[in-house]
Amino acid sequence: MTKERKKTDGRRSGTARDTDVTVVGAGPVGLLLAAELALTGARVQVLERLAEPDRTMKAGSINVPTAEALDRRGLLAAAERVQREAFARMAPAGPGAGRGGSGRPVPGARFTGHFAGMPLDPALVDWADPEIAAHAAAAGARVVPQRELEELLAAHAGRLGVPVRRGVEVTGCEDTGDGVRVATGAGALDTGWLVGCDGGHSTVRRLAGIGFPGTGPELSGYLALADLADPSVLAEGWVWSAEGAYRYGPQPGRVVTVEFGAPPADRAAPVSLQEVQAALRRVSGTDVTLTALRGAATRWSDNARQAAAYRSGRVLLAGDAAHVHSPFGGQGLNLGVGDAVNLGWKLGAVVAGLAPERLLDTYEAERRPLGAWVLDWTRAQSAVLRGDARSAALREVVGGLLATGDGTTYAVKKLSGVTQRLALPGDHPLVGALTPDLWLADGSRLADHGHGGGFLLLDRTPDGAFTRAAAAWHGRVRAVTDAPGAPAAPAAPIGVLVRPDGVVAWAADPGAEDAAGLDAALHRWAGRQATA
């Protein structure tokens, strides 16, 4: 699927480049990817077709891996502030304003989510489950709406000097073998690499000739914030009917509708108040009246597709450009964030000449299986949501399972992302997993030391043996020494090597120091040595 090109990068090819990497799309995925690249020293720019940020209502929460990605870059406090503001907006504004908002998040409460509209009861979750307990530090910043996340990441990228060129539409691209010639409405440019983060209707994917197979839509719906003449006509929670389903809340005025059938023919047209009102009346069987839309509403469907390849030569895809699916469970934004943090450090190493191009093959190898799982997870919810008798019976069965402690805990773990694991070489149980909350003797966590990007090496050996072993990768691997036996969760490894995307690349327990394994992991992931 991936063509192996001439092993040169834009800096050393002798060809003048405007940038090392051009990212197309200034949504959260594109902005985070650009920031990750900037942390590696790559010259990166972002092109965005829209002249102003998109104000359409989208995802309202993030999962644990996304919260931890923000934490690793020193953005957790900002995300927590956004969450506090989101909670304030969810407070009922007046008599009857909050009706229908069952399941409204409460500050300090555990965020669980839902499966196909069936709320997951926090009281049933085993919060002491090792996989949940190991990722508690950042789990309190989960209610972070996509619009505010985009603003947060735009500021982050701006601090790193990343230029965002708005109102610039990509119209063509040519992979020259050692770079990409990009045609835009503002003129042509030369870049070493081109990454499409430009959404489900990706221009970059189309221009690169990458297929987008999958399943077509069977459900369609709307997501909107609206003022209602009389919210009391709507029932609380998710409600099913022969026509579809709807939910009002948890934020006052927040409306979600689901209808069984193909989406409107013109999905690009702005969503009108009348359109949302008509859909809500059909599925609710009421004469509910919407008096105003607060901001731009969204159409959605359960169209589920995954790119035939995440890379074609020097063109790569991330986020919705690589995979689309229904919004059930809020997985799309989080999947794209995972793409960005996985690709950023790898492409940055290739651009800098520190790693061969074959490192980029691991991007698709690691991300494609997770993308396929998310597509199936959302397809399963579509099956449960249908209005026929068989789906209603299935909904009863699944609902019964989710009314148990084991069933709810399983679903919460999957939705939160704490079970994500990559198939990496190594026998230690932490290898391939997201780094748990590793607390150090000085009261900090290992994640607190990764704000500048790069690899982290936790060294608890009494003589600093692991730090010496990694000395040849100075500048790319930051060694963090800690007292032997210092407290950690869920276990107390004596050494841990963490990739820039938060994935454990190597770990060792006391009595099994495995210096050879550390050396192999450093060569495999950190690239060539800085010194002989």
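This is a predicted model: local features need pLDDT of at least 70, side-chain atom pairs count only at pLDDT 80 or more; totals for chains, interfaces and linings use all residues.
Residues are numbered from 1 along each chain as its sequence is written, and side-chain values use heavy atoms, leaving out hydrogens and water.

Helix α8 gives the largest share of the lining of the second largest pocket, four residues. At least two lining residues come from each of α1 (28-39), α8 (331-351) and β21 (477-481); helices (H or I, at least four residues) and strands (E, at least two) are DSSP runs, numbered from the N terminus.

The space in this pocket is about 360 Å³. Among its 24 lining residues, T40, G453, G454, G475 and R476 are the closest to the centre. By class, the lining holds 12 nonpolar, eight polar and four charged residues, with Gly counted as polar, and Asp, Glu, Lys and Arg as charged. A pocket is an open set of points on a 1 Å grid over the protein atoms alone, where a 1.4 Å probe fits, with protein on both sides within 12 Å along at least five of seven lines; lining residues have an atom within 4 Å of a point. The volume is the space filled by probe spheres set on the points, which are joined across faces, edges and corners.

## A three-stranded sheet

Strands β9, β16 and β19 form, in that order, an open antiparallel sheet. Because β9 (214-215) and β19 (323-324) stand at the edges with a single partner strand each, one side of each has no neighbour in the sheet. Two bridges link β9 to β16 (residues 304-306) in the antiparallel sense, and T215 has A304 of β16 as its bridge partner. Pairing requires at least two DSSP bridges between two strands.
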